[in-house]
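Good morning, and thank you for making time on the agenda.

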Amino acid sequence: MDTSPSRTAPDTVVLIHGFWVTPRSWEHWKRHFEAKGYTVLAPAYPGFEVEVEALRADPTPIEQL
C-alpha cells in the first residue's frame with residue numbers, strides 16, 4: 001500500500017500587487033489563468049479594496065500609509 005502523499009500540479013495562482021495599485025492591475029492575468037482552469041486569488045492590500053478611481057476621489061482610507 002502506497003502511503004506517500006499524492007503529487008498533483010498546483011491548481012491555484014495567487015497574484016500580489018504592489019503598493020499604490022489595486023487588484024485590478026491583474027485583471028488580464030486573472031482571466032488568462034482562469035481560462036486555463038486555475039483558481040486565481042488577487043487579494044487587495046488593506047485600504048485598497050475599492051477601485052482606483054474611488055481612491056483618487058477620496059484617499060482618506062490610505063492617507064496614513
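Does Phe 19 count as buried, partly exposed or exposed? Please keep in mind throughout that this is a predicted model. Phe 19 has a relative accessibility of 37%, and therefore counts as partly exposed, since that class covers values between 20% and 50%. Its place in the chain is the loop that runs between strand 1, residues 12–14, and helix 1, residues 27–35.

I now turn to the charged residues. How many salt bridges does a search of the whole structure find? The search returns three.

One of them joins Arg 24 to Glu 51, with 3.0 Å between the closest N and O atoms. Arg 24 sits in the loop between strand 1 and helix 1, while Glu 51 sits in the loop between strand 2, residues 39–41, and helix 2, residues 52–57, so this pair ties together parts that are 27 residues apart in sequence. Both partners are partly exposed: Arg 24 has a relative accessibility of 33%, and Glu 51 has a relative accessible area of 42%.

Arg 24 has a further partner in Glu 53, where the closest N and O atoms are again 3.0 Å apart. Here Glu 53 belongs to helix 2 and Arg 24 to the loop between strand 1 and helix 1, so the parts tied together are 29 residues apart in sequence. Glu 53, at 43% relative accessibility, likewise counts as partly exposed.

The remaining salt bridge links Glu 34 with Lys 30, and its closest N and O atoms are 2.8 Å apart. Where do these two residues lie? Both are in helix 1, four residues apart, which is about one turn of the helix. Glu 34 is partly exposed at 35% relative accessibility, and Lys 30 is partly exposed at 29%. Looking at the salt bridges that share partners, we find Arg 24, Glu 51 and Glu 53 joined into one network.

My last topic is the aromatic residues. The search of the whole structure finds two aromatic pairs. Why is the pair of Phe 33 and Tyr 38 classed as edge-to-face? The ring centres of Phe 33 and Tyr 38 are 5.9 Å apart and the planes stand at 85°, so the pair is edge-to-face; the cut-off for that class is over 60 degrees. Phe 33 is partly exposed at 21% relative accessibility, and Tyr 38 is partly exposed at 32%. Together with Trp 29, these two residues form one aromatic cluster.

That concludes my presentation, and I would welcome your comments.

Technical notes: Residues are numbered from 1 along each chain as its sequence is written. This is a predicted model: local features need pLDDT of at least 70, side-chain atom pairs count only at pLDDT 80 or more; totals for chains, interfaces and linings use all residues. Side-chain values use heavy atoms; hydrogens and water are left out. Buried means under 20% relative accessible area, exposed over 50%, partly exposed in between (1.4 Å probe, protein chains only). A salt bridge is a side-chain nitrogen of Lys or Arg within 4 Å of a carboxyl oxygen of Asp or Glu. Rings of Phe, Tyr and Trp (its six-membered ring) pair if their centres lie within 6.5 Å; planes under 30 degrees apart count as stacked, over 60 as edge-to-face and the rest as tilted.
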